[in-house]
Amino acid sequence: MDPTPPTLPARPDPAGVEGLRARIAAAPDRDSAARLLLGALGPALRREATRRAPRAAAAQVLRAMLHLRRDGVYEGLVVAESGGEQGELGRSTTAWRLVDHQRGPVVIDVAMRLQAAPEDAGRTVERLSAAGATHVLALPAAREVGAPISAMISLELRCTPLVGAGDAPWGPLLGPVQALVDALAPAALARPAAPAAPAPPDEALPVVGAGSAELIHLLERFAAQEDTILLLGETGTGKSRLAAWCHQRSPREAGPFQAVQVHTIPETLLEGELFGWVKGAHSEARADRSGLVARANGGTLFLDELHRMPLSVQARLLQLLDEKRYRRLGEDGPAREANVRIIAAASVDLAEEVRAGRFLIDLYYRVSALPVRLAPLRQRLDEVGPWARYMAARKLREAGAGGAARLSPAALDRLCRHAWPGNLRELDQVVRRAVILAGRGADGALEIDAPVVDQALGLTTAEGTAAPPTAAADLPGGLEAAARAWVDALAARPADPLLQADPGAAFKAAVWTEAAARWGEREAALRLGQEKMVQQRNHTKAVERERARWAALRAGLSPGRGPA
């Protein structure tokens, strides 16, 4: 904690609270204001304990934290340590869930929590116990009516006399301490965020814009922990790169980094790829095989597109995270120890997946220990130029070509005006095309100018890989255009049996084909409302049937076919 925390009078004094609120309101930034607030809570807790609950008067605040989360992801974290050193953070998921449910303060007895639900405690309880903490007091710091809690204060306490005593002895303290938080927190949260120090680029993360710097600093702190990091964001925003970057800044950096894109492995093989199998476990198991969990031993396992994992495999992953043990497919005997840290990523709202029954709620709480959201590239325009230059230089190196690449101001303007629905992945493809199309200047440097960028972007649009995100906004107009095209073709080819058939069947085949190409077979079936089909494992056949139907229709309906 702050070595000279602000103190409050022995009895409630509105003037004292107003004075502290004025100091908080005058703080230069939110972090400074938050530390003033956190520093006031220890003395307030002891004062109220002396007056109302003498057994709690020995409570010592070891660490105080202000957690800022919105829409389920971290936006900021302020920590005040009693000894001045930053230790392992530990997850706040359980405390946050309890506070959000009760809309008020909660006290967690570390020993009782471990005894009641050992599978839900894990390293957090180990860390708290090692630090000498016996209780955690969590208080909402921002509770708007009808809205989820967006800020929470957690106080890690050492209070040996109340170990195992339950919640009752703390009851008289909670109201006054919460009242102090209610009085001071709004002033602290209203202060502007401190300007994030520039994050130094490196080989793993060569570009960090001003808007991303705070997120990167937060991830750097999370990387040093053992809890699961959850990276959320649109496809192509750089989640895989950030996962590797976190591994390189973790205590496990010397260990292996194993990455898997869940949707690239057939559902029937995914469990075996993750956990391994023994000979004879299934028809293809001709020898024992180690899975990714074993190959990542001592290091990090990155699970990309986690939401595409079947429910049966989700249950196995939850068991792994709970118990740190697993068995290979077909294996009897004692379970194997798992020494692996999980980093997960998803491009959809996992809470919505839980509500839809496609994601286990217990796994959701387990993987969202340290959740962060990556902004799409269209919200990080200051990064477009640096990323484009980096990607152009990389393409030149890969091609064995020397020299530098120059991006003209007009070319950069074109790039910044693009919507980038495919984010960094799309930008990389456009830059690669631009490098191929560009010519060299008199000094031998590659000149990427506006016409080259326009041509590269035109190729992207022609391939249909980067349709603007607003294309779906006029869905009725698109359907009307398709209907007009169908009717026009029917007028020109009145005897064509394909056009006389049900146009709904053609549309269905086209939608299924497009959805499967974009999201994969299982995800496409789920998004099209075919949960039962997925549960019965019939979705693959359905997709193949619609693909074949669309291929035949596309060939038969193409303009070059001529009148029937």
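Me: In which sense do strand 1 and strand 5 pair?
Reply: Strands of a sheet pair through backbone hydrogen bonds, either parallel or antiparallel. Here strand 1 and strand 5 (residues 151-158) pair in the antiparallel sense over eight bridges, where helices (H or I, at least four residues) and strands (E, at least two) are DSSP runs numbered from the N terminus, and two strands count as paired if DSSP finds at least two bridges between them. Within this pair, Val 61 stands opposite Leu 157 of strand 5. This is a predicted model, in which local features need pLDDT of at least 70 and side-chain atom pairs count only at pLDDT 80 or more, whereas totals for chains, interfaces and linings use all residues. Residues are numbered from 1 along each chain as its sequence is written, and side-chain values use heavy atoms, with hydrogens and water left out.

Me: How many residues of strand 1 are buried?
Reply: Buried means under 20% relative accessible area, exposed over 50%, and partly exposed in between, with a 1.4 Å probe and protein chains only. Nine of the eleven residues of strand 1 (residues 60-70) are buried, so this strand is largely enclosed by the rest of the structure.

Me: What is the strand order in the open sheet of five strands?
Reply: The order is 7-8-11-6-12, with parallel pairing. Strand 7 (257-261) and strand 12 (370-373) stand at the edges with a single partner strand each, so one side of each is left without a neighbour in the sheet. Strand 6 (residues 229-232) and strand 12 pair in the parallel sense over four bridges, and Ile 229 has Leu 370 in strand 12 as its bridge partner.

Me: Where does helix 6 bend?
Reply: A bend at a residue is the angle between axes fitted to the seven residues ending there and the seven starting there. Helix 6 bends by about 30° at Ala 183, and a proline, Pro 186, follows within four residues. Helix 6 (residues 171-189) has 19 residues and reaches 26 Å from its first C-alpha to its last, close to the 27 Å expected, the expected span being 1.5 Å times one less than the number of residues. Its buried residues include Leu 173, Val 177 and Leu 184.

Me: How many residues of helix 16 are buried?
Reply: Helix 16 is mostly covered, as eleven of its 15 residues are buried, among them Leu 427, Arg 432 and Val 435.
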